[in-house]
Protein chains: 2
Amino acid sequence: MSDLIDTVRHIAKKTDSKILMVVLDGVGGLPLTVNGETELATAITPNLDALARESQLGLVELVGAGITPGSGPGHLSLFGYDPLKYVVGRGALSAVGIGVRLRAGDVAVRGNFASLGKNRIIVDRRAGRPSNEKNAEIVARLRGAIPEIDGTPVEVYTESEHRFVVVFRSQGVDEAGQGLGANISDVDPQVTGVPPHLAVAQDPTSARTAELVNKFVERAEAVLAEEPQVNGVLFRGYSDVPHFPSFADIYQLNAACIASYPMYKGLASLVGMEVLPVEGEEDALEGKVKALTENWAKYDFFYLHIKKTDSTGEDGDFAEKVHKIELFDELLPSLLALQPDVLCIVGDHSTPSKLTSHSWHPVPLLINSRYGRKDLAGRYTEEEAGKGSLGLRRGTDVMPLLMANALKLQKYGA
Amino acid sequence: MSDLIDTVRHIAKKTDSKILMVVLDGVGGLPLTVNGETELATAITPNLDALARESQLGLVELVGAGITPGSGPGHLSLFGYDPLKYVVGRGALSAVGIGVRLRAGDVAVRGNFASLGKNRIIVDRRAGRPSNEKNAEIVARLRGAIPEIDGTPVEVYTESEHRFVVVFRSQGVDEAGQGLGANISDVDPQVTGVPPHLAVAQDPTSARTAELVNKFVERAEAVLAEEPQVNGVLFRGYSDVPHFPSFADIYQLNAACIASYPMYKGLASLVGMEVLPVEGEEDALEGKVKALTENWAKYDFFYLHIKKTDSTGEDGDFAEKVHKIELFDELLPSLLALQPDVLCIVGDHSTPSKLTSHSWHPVPLLINSRYGRKDLAGRYTEEEAGKGSLGLRRGTDVMPLLMANALKLQKYGA
């Protein structure tokens, strides 16, 4: 895979046209029997069908042939970033996954609460698996007690049970392109009966980070000294945050994210999108339409994320995935009513009920604009998309195609 | 072209599923008249047709658009190695072509027997084109007389007429990743009337190789001093052997090769496959099925090579190529009886009878697994493959797709 970011950056222009990218998470599927129908083909979708007949269709591979994308790489690809080049480490993904907005130069660290005995000897590496409530209570105390270390802002987030995340905020990336490094050794010795390790920097850029980590450990132990079980912290999995050229810089877009699950808001903020508040629980379809409608005038690019098409696939519930697709079909007229210049419907990966997991199968892509050729797809399904005029493409092609259809790209060369 | 080796290496996992890759050499063809039928479309292939109806089809370009692949690049691409990156030099291909198993760090050299006159003046650069029998006799004498030079094992192989191959075996690649270098000047002056050149190293790594070559020339002339015609050796075309990350390392596969022609066994061994013995002459179809069946339990990946689909194309014999395709069709039920989890049928390049040579035309790809989408191809032909759900792909996509369909790849990223 490779991306067109460096080319697009030089030819993108600001216009009044508006692009709406709808990501139906995990929408691609598989038939349950040979040559049977997928979830999409089984669903009754009159609105999608009508749209497909006036749109261009194709298939998209997000990372590469045979590669099953995680949500991070799948979305980065759709946003135009080569997912083999822009790698988000586990610590950063944990932070992003709970909705933390990371910036280049920051470091995110995965932590475990632990139980320490006499002389700081580790008794339990998971502190007796505290409840999520206990976790949140401890995290709140750490937040209050350690808002910064030597001038570096520190943020502590609860994850679940014994897991938490710490973000050290750099003051941004310096002239040499350097923020906080993340190349430091683990505090977690991964065994009991010994004290926690001191973090040691493996390169000069990470020296300050190691110092911050060690001071955090010391101060956290002081704060938690009277706790019977949750009285220590262990760290492993440090990630610095790669520099993502922002959406605004590459595409000249004023971009907004409408999503309700933390991971997707985190990914959108990583590339510089504005994350809009959404009212309602879980997938909050009505809240999403409301947020989109109310903010329609303010942005020229909207990323709208629908989650349940993926969750039902992960559950292996073919019928329920079909139902969630039909629910989106009911929503579609409210999106069309806004008259986007370019409307894109796509997935970040496939999640066939048959596999109860993400899969490598290409996802159907639909692009509706005034500038499409005759396509004559009858429906938005994998089968029809496979015959579509857009062909089989890589995920990083999607953004340049949307930009072009919105007449936001100048000619390349004279 | 590029390959996914570095990505696949990190996500491949060992499982019990079995992959069978059948390479029908040069299987792609051309119609003899405009819009006529190819060899594949002309052949009567009930078994292939039935398989196609339950499989996924697509077209594969092995090296790139318009590029006609040699057997080496074609196969490397199918095995997942970018053939523009992993270049096997002429000396090494000559060695591989006669079945020599090369290892990283070795150097293979193409030699000609020559006739030398007084003061070592070259009289005939091809030693009067000796018979293959004479060649073999001379090679046997050199083998016996020069088993090693200064501790470096030396192997001499007969090719045909005046051509032979010498392999200098390094003791493997050293800590700095260095084996024997191959950047040395030619011994062959390419004219008569002068003595052979001394080989000169063009870089430090090749100094030892130049010394070995010069000593080989000296000792060969001594051995052949009494020969009336075949009394000198000339060298040009030195190849070091690139380091191929092995199949086992990349794919976590225990891979076996079932082929009867030396070139294909050599290529398979270059990437670390086990080459299984096959009983029978020439294409030895029955011997191949026997080898496959007997070894089915022992490996999780099989590369099975069928040669005659290519040779008949090279001969320009359309009808005979059709016949060889039909012979493979008869064989197919014995392969299906083994119930591979993933069965792939593909070519390493096209060899249209109309061109009497390899060609650049994409080859049809068939993948049969439990995890395919509706495809509805009626036959395994170029035309049907062009409409298939797998689309038009590069050759290096094949292995990741087979691995995915065998559920041997973990998710990429979270």
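**Close-up views of aromatic contacts and backbone angles**

**View 1. Charged side chains over aromatic faces in chain A.** In this predicted model, A:K18 lies over the face of A:W296, at 5.8 Å from the ring centre.

**View 2. The ring pair A:F168 and A:F216.** Over all chains, a search of the whole structure finds 27 aromatic pairs. In one of them, the ring centres of A:F168 and A:F216 are 6.5 Å apart and the planes stand at 90 degrees, so the pair is edge-to-face. The pair links distant parts of the chain, with A:F168 in strand β7 and A:F216 in helix α7, 48 residues apart. A:F168 is buried, at a relative accessible area of 1%, and A:F216 is buried as well, at 0%.

**View 3. The ring pair B:F79 and B:F247.** Here the centres are 5.9 Å apart and the planes are at 85 degrees, so B:F79 and B:F247 also form an edge-to-face pair. Because B:F79 lies in the loop between α4 and α5 of chain B and B:F247 in helix α8, the pair ties together parts that are 168 residues apart in sequence. B:F79 is buried at 0% relative accessibility, and B:F247 is likewise buried, with a relative accessible area of 0%.

View 4. Most residues other than glycine have a negative phi. A:Q190, however, has a phi near 65 degrees; this residue sits in the loop between β7 and α7 of chain A and is partly exposed, with a relative accessible area of 42%. For B:A127, phi is near 50 degrees, and the residue lies in the loop between β4 and α6 of chain B, where B:A127 is buried at 1% relative accessible area.

Key. Residues numbered from 1 in each chain as written. Chains lettered and ligands numbered in written order. Predicted model: local features only at pLDDT ≥ 70, side-chain atom pairs only at ≥ 80, totals over all residues. Heavy atoms only, no water. Helix = DSSP H or I, 4+ residues; strand = E, 2+ residues; numbered from the N terminus. Buried < 20%, exposed > 50% of the residue type's maximum accessible area, 1.4 Å probe, protein only. Phe/Tyr/Trp six-rings, centres within 6.5 Å; stacked < 30°, edge-to-face > 60°. Lys NZ or Arg CZ within 6 Å of the ring centre and 35° of its normal.
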